[in-house]
Every structure is written in C-alpha cells, then in structure tokens.
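Work through the exercises below with the sequence and the structure at hand. Try each task before reading its solution.

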Amino acid sequence: SHDLIGTFQATMTKLKEASRHSPMEFECINEKKRQKKKSYKNSGIVSFKHCEVITECTFLDYIMGGCQLNFTVGIDFTGSNGDPRSSDSLHYISPNGVNEYLSAIWSVGMVVQDYDADKMFPAFGFGAQIPPSWQVSHEFPLNFNPSNPFCNGVQGVVDAYRVCLPQIRLYGPTNFSPIINHVAKFAAAASQQRTASQYFILLIITDGVITDLDETRSAIVNASKLPMSIIIVGVGGADFSAMEFLDSDSGALRSRSGEAAIRDIVQFVPFRQFHNAPKEALSQSVLAEVPQQVVSYFSMYKLQPPNKPSAKQEQQKQA
C-alpha cells in the first residue's frame, strides 16, 4: 500500500522561475498529521531546480507555422524500362497521353504542391545517355538546364518529361545514390537553420532494378539525419525486393559499414497495386508516412515552426 506523504500547491508561473542556483521550494503538508500534532511543520520540502514547457507540434502546426515542403522528382531512364517507342515500354506514352511514370507524378505531385509556396519543382532523370556528349548521367535536369532545373508546378514536370524523353537514350546502370545525395546537400544546408522552416521530399519513380544498393543504403542513412524523406514508387512488374529492403519497416536500415538510420525516411509503394483504385488512393498511400517523418525530425532537434499560428488558424485547426 502507498501512504500519502503530503500535498502542496504551485503555479506554472512559479515553477518556471526555478533554477539550479535558486530552486523553487514548497512545503509538503499532510493535513491529518498537522491536525494531530501541534509541533508538526511539514513532511518535507519539494524543491524544483528546473521547469520547462515543451510544445509538441503536429504536422499541421509546422505547415501552418510556415514550414515549406520542397518537392523534387527523380525519374528512372534506364534501359530496363524498354524502348519508349515500343508499347510494352514503361516509358511508352499511350494514345490518351499517359503512362505509369506520368500517373505517379500527377498523383503525388498534386498533393505535395499544396504545401509548396512557389510550386517550383526541381525534376531530374537518371540512368540515360544525354546530348550532346551522350555520356551517362545519374542526375540530369529534365529541362537540360543545370543552373535552373525547376519546373512550374506538376504540369511543368509533366511537360519537361514529355520534351526530354525523345531527346535521350535509355541506358544504365540504375544508381539512386547521386540524386539522393543531390537533394541531401540542400537538406543539409536547411538543417543549419534554427527553426522548422524547410523539409525536403524526394520522389523517385523507378522500375525497381537498382545497381548501387550499398551506396544508396549509405546515402539514406546519411539523409536520415536531415530534414528529408524519400518516396519510391515502383512501376511495372519487376521484383521490388530491393525497394522493400530500403523501406525497412521491419527494422532500421543500415549502411554497409553497419551505421543505422536514425529515422525511417523511405516509403516504397508499388504502382501496380493501384491500377484499379481511385486516383486519390495512390497519393494517400504514398504520402501516408510523410507527416510523421516531418514531425519526428523537427521533434528530435526540438525545432519550432518559424511563425506562431494566428488565433484564426488555431480555430481552423480545431474546427
């Protein structure tokens, strides 16, 4: 059984005044003992040396508080996708103007763009030979403009993809690490800021055949320390076991040297599961883990949103 030692009353204002050099002290009083003994003073002193109020923000708190989601697209242009001029290629654009790559861009991009203020998205390809030298590149801008790889909204990404496709030669190998490291550089710069102002989302659309698995593991482990998430959408009917491995829902992903990712930042979704599903089903599945990943990063480093939500925004959130 437990015996009551005593009680005391305090206010948050008083508790927050406590410090190691000047603790806030309260007498712990047991009323029954005080009534029985005239000489009773207290049952002890409760001393507070530190009191801190920590606000736990939600994903919505960060977004409404000014956090920007920066969306980057990476598209697999390796030879395993098949010749784009052939109807059995994953890059073949059907008479009604679609393929699985375009469907994935639309489904995910239409949701993410609502959280991006300028709606300007960098879009890259990898695994193709590009003009004029026809060297293989693993992070070339779809608009062929390295100094300004941004596309205007989801439609801009789609337009750049359509223009780019006939100008390149699908080749290989399938290396994910260069584009992951490319986005990680910007995330690393953003991580120096003292508020939760920016978070980066990399969408990789691939047929699933990956060549640089060890390098990609290391790149993901490094990115797990940064404000960054990676979404992998697998198109076609290939073996996606390597993608499932990178998703690591069953345990922490480790680099080849054994270093573990400090957060799970990869979400893998096979496109084929959504062929007969409503359009919004893919985007919901793909983005299911992103809010928690955003919160986990900023909470880990105790970063608050840049702006405090207004009273009106608080009312909208509660409504």
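The exercises that follow concern a predicted model.

**Exercise 1. Two helices**

Task: Determine how the axes of helix H6 and helix H7 are arranged, and which residues meet.

Solution: 
- Step 1. Two packed helices are described by the angle between their axes and the distance between the axes.
- Step 2. For H6 (residues 177-190) and H7 (residues 213-223), the axes come within 9 Å and cross at roughly 15 degrees.
- Step 3. Angles under 35 degrees count as roughly parallel, so H6 is roughly parallel to H7.
- Step 4. The crossing in which H6 passes H7 is left-handed.
- Step 5. On the H6 side, Ser177, Ile180, Asn181 and Ala184 take part; they meet Glu215, Thr216, Ala219, Ile220 and Asn222 of H7.
- Step 6. Sorted by type, the residues of this contact are 4 nonpolar, 4 polar and 1 charged.

**Exercise 2. The buried side of a helix**

Task: List the buried residues of helix H10 and find what they pack against.

Solution: 
- Step 1. H10 covers residues 290-300, and its buried residues are Val290, Gln293, Val294, Val295, Tyr297 and Phe298.
- Step 2. Two of the buried residues, Tyr297 and Phe298, belong to one aromatic cluster together with Tyr62, Tyr199 and Tyr301.
- Step 3. After H10 comes Lys302, with a positive phi near 55 degrees.

**Exercise 3. Two aromatic pairs**

Task: Classify the ring pair of Phe71 with Phe121 and that of Phe140 with Phe144.

Solution: 
- Step 1. A pair of aromatic rings is described by the distance of the centres and the angle of the planes.
- Step 2. The whole structure holds 15 aromatic pairs.
- Step 3. In one of them, the rings of Phe71 and Phe121 lie 5.1 Å apart centre to centre, with 85 degrees between the planes, and the pair is edge-to-face.
- Step 4. Phe71 belongs to strand S3 and Phe121 to strand S4 (residues 120-126); the pair links distant parts of the chain, 50 residues apart.
- Step 5. Phe71 has a relative accessible area of 2% and is buried; Phe121, at 0%, is buried too.
- Step 6. For Phe140 and Phe144, the ring centres are 6.4 Å apart and the planes are at 10 degrees, so this pair is stacked.
- Step 7. Phe140 is buried at a relative accessible area of 2%, whereas Phe144 is partly exposed at 28%.

**Exercise 4. Two single residues**

Task: Decide whether Ile93 is buried, partly exposed or exposed, do likewise for Gln129, and name the contacts of each.

Solution: 
- Step 1. Ile93 is located in the loop between S3 and helix H4 (100-112).
- Step 2. Buried means under 20% relative accessible area, and exposed means over 50%; Ile93 has 24%, so it counts as partly exposed.
- Step 3. Beyond its neighbours within four places in sequence, Ile93 contacts Val98, Asn99, Leu102, Tyr161, Arg162 and Leu165.
- Step 4. Between the C-alpha atoms of Ile93 and Glu17 the separation is 66 Å, and along the chain these residues are 76 residues apart.
- Step 5. Gln129 lies in strand S5 (residues 128-130); with 15% relative accessibility, Gln129 counts as buried.
- Step 6. With its neighbours within four places in sequence again set aside, Gln129 contacts Trp134, Gln135, Val136, Ile168, Arg169 and Tyr171.

Notes: Residues numbered from 1 in each chain as written. Predicted model: local features only at pLDDT ≥ 70, side-chain atom pairs only at ≥ 80, totals over all residues. Heavy atoms only, no water. Axes fitted to C-alpha atoms, helices over the stretch in contact; angles between N-to-C directions. Helix = DSSP H or I, 4+ residues; strand = E, 2+ residues; numbered from the N terminus. Parallel < 35°, antiparallel > 145°, perpendicular 65-115°, else oblique. Left-handed = near helix turned anticlockwise from the far one by under 90°. Contact = heavy atoms within 4.5 Å. Nonpolar A, V, L, I, M, F, W, Y, C, P; charged D, E, K, R; others polar. Buried < 20%, exposed > 50% of the residue type's maximum accessible area, 1.4 Å probe, protein only. Phe/Tyr/Trp six-rings, centres within 6.5 Å; stacked < 30°, edge-to-face > 60°.
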